[in-house]
Amino acid sequence: TDPTLMREFRKELFGNMFSKVRMQNFNARINMTPLNAVEKRKMSWPFSSFEAPDYLDGTLAGDAGFDPLRLAANKDGLYQLREAEIKHCRIAMLAAFGWPVSELYHYQIAQSVGLDSLLAVGGKAPSVLNGGLDNVFALLGLGLFFAVGGVLEFELIRRRKEAPPVLKNFFDMWREDGWDSAGNYGFDPLGLGERLCSDDYSKQVMQAIEVLNGRIAMLATVGFVVQEFVTGMPVVTETPQFFKIM
């Protein structure tokens, strides 16, 4: 494979996250190059003529320098927003997969085991706008969802508590690198982190893949909701060409 073509493909795929400026920022941190020696970043399209905020320095995966409204304000605000984003990304990826799959296969599965279908009217996925949440299974699912979410939030709160200064180094000895990065619950039963992330660059790539897929999934899920509310039809019926592979 032509390495030049691969570099161009990667640049198009990930936008300017792996651009010259981002790699300069990365190298600056590794080589301790003064920050004023690094080229000033620009926001991504369509605001590419404006300078990116200082807190968007390319450290986080998926950082394209895009925050025209300055919502993060600083590094602490950026961390909190990234943590919220990664949580929504993961939920949205599950929803973007489960929504059409339920509309395609739930009725057949329910029939095969002799149970009633839990889909909303018209074969639509249960949701606040579609209805179909007023049954025992849906309520149990929501209860389980909030219970697991509560446990995970409690764990993050516990991790954030500062250890006594005299014990801080002791606690840090048992923590892997990046234990406090946004969205890191230390959950990797298959050991994919060690297999796919052999160095800092590959780890950044995998994190970027997760964030970018999560952002697309959030848009897709909102699209499902709006489309079914407006048309009254399941997305798999109105746009079957997108779901034939299933």
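## T221 and its neighbours

T221 touches A92, A95 and A96, leaving out residues up to four places away in sequence; contact here means heavy atoms within 4.5 Å. T221 sits in helix 7, residues 200–231. With a relative accessible area of 15%, T221 counts as buried. The labels work like this: buried is under 20% relative accessible area, exposed is over 50%, and partly exposed is in between, using a 1.4 Å probe and protein chains only.

This is a predicted model, in which local features need pLDDT of at least 70 and side-chain atom pairs count only at pLDDT 80 or more, while totals for chains, interfaces and linings use all residues. Residues are numbered from 1 along each chain as its sequence is written, and side-chain values use heavy atoms, with hydrogens and water left out.

## The rest of helix 7

At the start of helix 7, a side-chain oxygen of D199 comes to within 3.3 Å of the backbone nitrogen of Y201. A polar contact is a pair of N or O atoms within 3.5 Å; within protein, one must be able to donate a hydrogen and the other to accept it, and residues adjacent in sequence count only if both atoms are side-chain atoms. After the helix comes G232, with a positive phi near 75 degrees.

## Helix 3, with a bend

Helix 3 covers residues 75–112, which is 38 residues, and reaches 53 Å from its first C-alpha to its last, close to the expected 56 Å. There's a bend of about 50 degrees at Y105, taken as the angle between axes fitted to the seven residues ending there and the seven starting there.

The start of helix 3 has a side-chain oxygen of N74 within 3.1 Å of the backbone nitrogen of D76. Just past the other end, G114 has a positive phi of about 75 degrees.

## Loop residues

Two residues in the loop between helix 2 (20–31) and helix 3 are worth a look: R70 and A73. R70 isn't a glycine, yet its phi is positive at about 55 degrees; A73, also not a glycine, has a positive phi near 75 degrees. Most residues other than glycine have a negative phi. R70 is partly exposed at 40% relative accessible area, and A73 is exposed at 54%.

Elsewhere, D188 lies in the loop between helix 5 (165–173) and helix 6 (192–196). Its contacts, beyond neighbours within four places in sequence, are G193 and E194. D188 is partly exposed, with a relative accessible area of 36%.

## Core and overall picture

The largest nonpolar core has six residues: W99, A125, F224, V235, V236 and F243. Such a core is a set of buried Ala, Val, Leu, Ile, Met, Phe, Trp, Tyr and Cys residues joined through side-chain atoms within 4.5 Å. F243 touches P100, L104, F224, V235 and V236, again without residues up to four places away in sequence.

Overall, the protein has eight helices and zero strands; these are DSSP runs numbered from the N terminus, with helices (H or I) of at least four residues and strands (E) of at least two. Of the 246 residues, 28% are buried. The protein exposes about 16,900 Å², with carbon and sulfur atoms supplying 66% of that, by the Shrake-Rupley method with a 1.4 Å probe.

Terms used
The expected span of a helix is 1.5 Å times one less than its number of residues.
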